[in-house]
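Please prepare a briefing on the structure shown below, grouped by topic and with the cut-off behind each term stated once.

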Amino acid sequence: MRTLCPNLDREDGLETVLEVPIPEEMFVDSYKHKSWQNMKSWIKSHSINTDHKSIHASVFGGRNAEIQLLLGVVAAPLIPHPIRCDHSVNKKINDHPIEASMAKYIVQQYIAAAGGEHALNSIDSMYAMGKVKMVASEFIEGDGLGLNNGKVMKIKSAKNGQGEMGGFVLWQKNPDLWSIELVLSGCKISAGSDGSVAWRQSPWHHSHASRGPARPLRRSLQGLDPKSTADLFSNSICVGEKTINAEDCFILKLEADPSTLKARSSSNVEIMRHTIWGYFSQRTGLLVQLEDTHLLKLKSPKNDVFWETTMESFIQDYRTIDGVNIAYAGKTSVSLFRFGENSEGHTRTRMEEIWTIEEVDFNIKGLSLDCFLPPSDLKKEDEDCGVVMNHDITKNSRLEFKNHVNTHKLVNAGKSAAKIVAIDENSED
């Protein structure tokens, strides 16, 4: 990962220290790599007093919608509900129904495989830095959805295999105190939680808070924070077994409770369900896959519209750091399904993120509560929110692929242009 950027104004000038390190791949053959060209334009735009929204529109053109979609859905999703730090997870296993008792036993095995209860409880804070490659790989629309006659649009970046490159830095004090900055092809998104409110900030929207209680970052549970993962699934149930990548796994299931769903809903948006599954290896005891699905209903005088978001994260490359097993790589696949109107309005969008961890450290000295304060311009979302996607709703966040089909040169496109709603994870709730 590159932490310094060449001076873009003077060759003999000092290098710029990057707030978020970016992958070395963006510097290789940099004159041809679009991600690096975007990064240079972004850095230059911040060196002068300019309207950043207009800069992003002029720099990225039609790609702006795709990058906004990726950042809004994949960059910083939240888990279904807050995590209760349960230091007595190993106690009273037999005082529960068989499905819950089995789940608690599996969580015990996971704690042991991750490094043991003493090692996990000794972690007070965490820092992680890594790189990502995201791509919106497929768009399907119309009545043939899911069938051979469905209209499929292959997005150019998926076809050439490059996608959008970027990097992120994550700081965490506990499940409810966290902060992440992620830069993707020159576009930066920031998100965090101070323990009472979760918020998000992007180039396209002002800082805004999520509805409902503050919730942990899903990315932390993708093999980075075993303690929070164990606490999350301590109240789950075991629903069966499944083979994932030739690995026999137990399946633990957890539903968001109705009070949390109600707190996250508004007058025109209902969070109907949010379910998370953990797949734990029977051989190693470690978490192999994390999956969650999220269903929203947008209320309308005519026809209600539903959005279902499904995320599957395959977790790999466990390494031991200070006695704790941490996952250093993985892939997250996302499916967005819009339905409820006539069949022609049904759409399905697929996205992928491949991520690797470059650095991890625990018990960071000097990481105080001030490091997790929300932005000074933070605003609570109104109940009259616009459209939704993933786990949040944001005003005016509807993206129309219709406006940039020519820019992306989507192949196999149908006669009618496709529409996508980009739901920003901060406003949904």
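Contact means that heavy atoms lie within 4.5 Å. By that criterion, and not counting residues up to four places away in sequence, S202 touches K188 and I189. This is a predicted model, in which local features need pLDDT of at least 70 and side-chain atom pairs count only at pLDDT 80 or more, while totals for chains, interfaces and linings use all residues. Residues are numbered from 1 along each chain as its sequence is written, and side-chain values use heavy atoms, with hydrogens and water left out.

**Overall make-up**

- The protein chain has nine helices and 21 strands, where helices (H or I, at least four residues) and strands (E, at least two) are DSSP runs numbered from the N terminus.
- Of the 429 residues in the protein chain, 57% are buried; buried means under 20% relative accessible area, exposed means over 50%, and partly exposed covers what is in between (1.4 Å probe, protein chains only).
- The accessible surface of the protein chain comes to about 18,600 Å², and 49% of it belongs to carbon and sulfur atoms; accessible areas come from the Shrake-Rupley method with a 1.4 Å probe, and for residues only the protein chains shown count as cover.
- Among contacts in the protein chain between residues at least 6 apart in sequence, 66% join residues at least 24 apart.

**Nonpolar cores**

- A nonpolar core is a set of buried Ala, Val, Leu, Ile, Met, Phe, Trp, Tyr and Cys residues joined through side-chain atoms within 4.5 Å; the largest has 71 residues, and those with the most contacts inside it are L71 and M351.
- Leaving aside neighbours within four places in sequence, M351 is in contact with residues including L69, L70, V73, V74, V135 and L336.

**Helix α7**

- Eight of the eight residues of helix α7 (residues 226-233) are buried, so this helix is largely enclosed by the rest of the structure.

**Salt bridges**

- A salt bridge is a side-chain nitrogen of Lys or Arg within 4 Å of a carboxyl oxygen of Asp or Glu, and by this rule the count comes to 10 salt bridges.
- D292 forms a salt bridge with R218, with the closest N and O atoms 2.7 Å apart; D292 lies in strand β13 (residues 287-298) and R218 in the loop between β9 (205-209) and α7, so the pair ties together parts that are 74 residues apart in sequence.
- Both D292 and R218 are buried.
- E353 forms a salt bridge with R219, with the closest N and O atoms 2.8 Å apart, and this pair links distant parts of the chain, E353 being in strand β16 (residues 347-362) and R219 in the loop between β9 and α7, 134 residues apart.
- E353 is buried, with a relative accessible area of 1%, and R219 is buried too, with a relative accessible area of 4%.
- R273 forms a salt bridge with E308, with the closest N and O atoms 2.7 Å apart; R273 counts as partly exposed, at 33% relative accessibility.

**Aromatic rings and charges over them**

- Rings of Phe, Tyr and Trp (its six-membered ring) pair if their centres lie within 6.5 Å, with planes under 30 degrees apart counted as stacked, over 60 as edge-to-face and the rest as tilted; by this rule the count comes to five aromatic pairs.
- Y110 and F280 form an edge-to-face pair, 5.2 Å centre to centre with 75° between the planes, which links Y110 in helix α4 (residues 98-114) to F280 in strand β12, 170 residues apart.
- Both Y110 and F280 are buried, and ring pairs link Y110, F233 and F280 into a cluster.
- A charge sits over a ring if NZ of Lys or CZ of Arg is within 6 Å of the ring centre and within 35 degrees of the ring normal; the charged end of R219 sits over the ring of F168, 5.0 Å from its centre, and that of R319 over the ring of Y328, 4.2 Å from its centre.

**Individual residues**

- S202 is found in strand β8 (residues 198-202) and is buried, with a relative accessible area of 12%; the C-alpha atoms of S202 and K188 are separated by 6.5 Å.
- D322, in the loop between β14 and β15 (324-339), has a positive phi of about 50° although it is not a glycine, and D322 is exposed, with a relative accessible area of 61%.
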